[in-house]
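The following note sets out numbered remarks on the structure shown below. Please read them alongside the sequence and the coordinates.

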Amino acid sequence: MSKPVLIVGSGPAGLSAAHSLASAGQEVVLVEKEDRLGGAPIISGYARLVPSREWAKDAIGGMVARVEENPLIKKHLNTTVDSFDGAPGAFTAKLKDGTKIDAGAAILCTGFTHFDSVNKPEWGFGTYEDVVTTTQVEQMLSSGSGIKCPSDGRKPERVAILLCVGSRDRQIGREWCSKICCTVSANIAMEIREELPDCNVYIYYMDIRTFGLYEGDFYWASQEEHKVKYIKARIAEVASDGKRLIVKGEDTLVKRPITIPFDMVVHAVGMDPNVDNMTLSAVFGVDLEKYGHIQKASTYAAMSETSRAGVFVAGAATGPETIDDSIAQGQSAAMAALSLVSSANKEAAE
Amino acid sequence: MPIHEKSLIRPENLIEQDELVIDGIDVSGHWSTFITSRAVTDYNEAMQDEIAGLPGGEFIHRCWQCGSCTNACTINALNNDFNPRYWIYLIRMGMEDELLIDKDIIWQCVSCNKCTYACPRDVNPEGVMKATAHWLELKGHTPKSPSMIFDEGFSEQVFKTGKIEDGLVLRQFFAATGQKLTQTWLVSMVLGLVRRMPLTMLTRLGLATFFRPRTRNWGAARAAIDEYVNEKQAENNRLLGLDKMEDGR
């Protein structure tokens, strides 16, 4: 019997990798720092997912349930990996709670951290209560509490969504596109319009990157069916006139300054490298790329490999990623890990 | 402070006061010129819906501002200010004041439909121009165009009698638009007709001028048409918020 595969993180990528390995009869040890499985979609309380519009608690919840029920997958919650030594086929991991784990391979599915909007103070988050993040709006939707201005609980009549908050911004060292926020924002805008038909939603953008098939179902559906309006402007400042928020910037298509009143401003927050990546890099001996995501060894020939043999990676740990691609990468990493541990097993038998 | 490059500022945005005292300080004269803000301070959210509700405007929300329409436009080639792409944007964002600046050229669209074929999003820009010109008239921003006056007189006659008497259409149109009936081209056309037409047809034409014939049993058709026209008018008024304005008066 080969040694188990250690999977760190139980978001979409980790859940998918664990399920795939267990389906192939491979033992898995799953380590999760939070008190439950599911990763960002569950912990942060996402609402309906792109592109299926299934509720996160159903879609990802289903993945959690099948991992929880699987006897081949051993779960360690509320803990992290303190040390990781050895060679491919024979690693030893020590958890913070003292547990020792023998592993043939490891898969890092450690995901990302939501950008913290207080790092862009000019856009009012932390100063005005009615400036919120996409994550907060997801929670308003998923909890059933409805879309309300946090300051006084009123239903907003006009909402602005600012794109690229914490993305594509050299000023704060975040040059990457977070990939998902355009589509997520279009999705949220449609949700708001469905819940509050009298509330107008404006999306302020520099470029729209609702890539691939999202073009029709999100970018255009939001405009043609839900009358969401897109304005090409990078907002300079979010202020207040004492009653409503004032969004200032330049409408670049008409070369005119704008100072428009809004009831609620939503930051489409980007995906930062996981705040724990420096620690993960040190513990697992894997390199990070220049922005601080876990570096992939190769783009084409060998998927899922890191700079250290036997340690694989999947999902948003390597950079902004969608949920469905994270799931695919989880399976890909599972395949890579499985071939390693089964060949190590064969060698041991010979 | 004199303003450099004053020519770049729209004259209506320049304010000069011959006599002006602020906080007891005399700031009269051309050197105290003010420029009004160009900032857009609000969106008119009804505007896109109003235009989209009129025939031709239905697909305005598909526009992604590529400019293919303006590039293809016959009139834009003659007049840079004729810019369908820009007007579609103003309508979508509800920048009514800005649109009204161009109200006297929007109607100049010649419906060549080059934009319609160029548009990658099937916006039907020609239809939007038509709807916009219509909107400007309904809202009272532009006077009724001669073609609208003609159409109204023409349709009214058809609705009333089920028939058209060309002479009457012309007489009414010239009267309503303040034009002489004795236009040279008309006179020569009538003289030509008199000279070349067979006598029987001329007699019939002449009789029809005095005894306006009606389509037999036109009453029911007329009632149905009137009902439909009234319905459409009420719908337009509701759509454009004109019914509320009338109630308020």
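Two residues are taken to be in contact if their C-beta atoms, placed from the backbone, lie within 7 Å.

The model is predicted: local features need pLDDT of at least 70, side-chain atom pairs count only at pLDDT 80 or more, and totals for chains, interfaces and linings use all residues. Residues are numbered from 1 along each chain as its sequence is written, while chains are lettered from A and ligands numbered from 1 in the order in which they are written.

1. Interface. The contact between the chains draws 15 residues from chain A and 13 residues from chain B. On the side of chain A that touches chain B, the elements giving two or more residues are α6 (214-224), β12 (229-232) and β15 (256-262) of chain A; helices (H or I, at least four residues) and strands (E, at least two) are DSSP runs, numbered from the N terminus. The most comes from β15(A), with six residues. By class, this side of chain A has seven nonpolar, three polar and five charged residues, where Ala, Val, Leu, Ile, Met, Phe, Trp, Tyr, Cys and Pro count as nonpolar, Asp, Glu, Lys and Arg as charged, and the others, Gly among them, as polar.

2. Overall form of chain A. Chain A contains eight helices and 18 strands. Its radius of gyration is 22 Å, close to the 20 Å that the globule rule gives for 350 residues, so chain A is as compact as a globular protein of that length. The radius is taken over C-alpha atoms, and the rule is 2.2 Å times the number of residues to the power 0.38. Of the 350 residues in chain A, 48% are buried, a residue being buried if 20 or more other C-beta atoms lie within 10 Å of its own, exposed if 12 or fewer, and partly exposed in between, with C-beta atoms placed from the backbone.

3. Strand β1 of chain A. In β1(A) (residues 5-8), A:V5 and A:I7 point one way and A:L6 and A:V8 the other way, and all are buried. In a regular strand the side chains alternate between the two faces of the sheet. β1(A) pairs in the parallel sense with β2(A) (residues 28-31) over four bridges, pairing requiring that DSSP finds at least two bridges between the strands. It also pairs in the parallel sense with β7(A) (residues 105-108), again over four bridges.

4. Overall form of chain B. Chain B has 14 helices and four strands. Its radius of gyration is 25 Å, well over the 18 Å given by the globule rule for 249 residues, so chain B is more spread out than a compact globule. Its C-alpha trace spans about 85 × 45 × 40 Å along the principal axes, and 19% of its 249 residues count as buried.

5. Helix α8 of chain B. Eleven of the 14 residues of α8(B) are buried, so this helix is largely enclosed by the rest of the structure. Among the buried residues are B:V128, B:M129, B:W135 and B:L136. Their cover includes α1 (47-53), α2 (68-72), α4 (84-93), α6 (103-106) and α7 (114-118) of chain B. Just after α8(B), B:G140 adopts a positive phi of about 80°.
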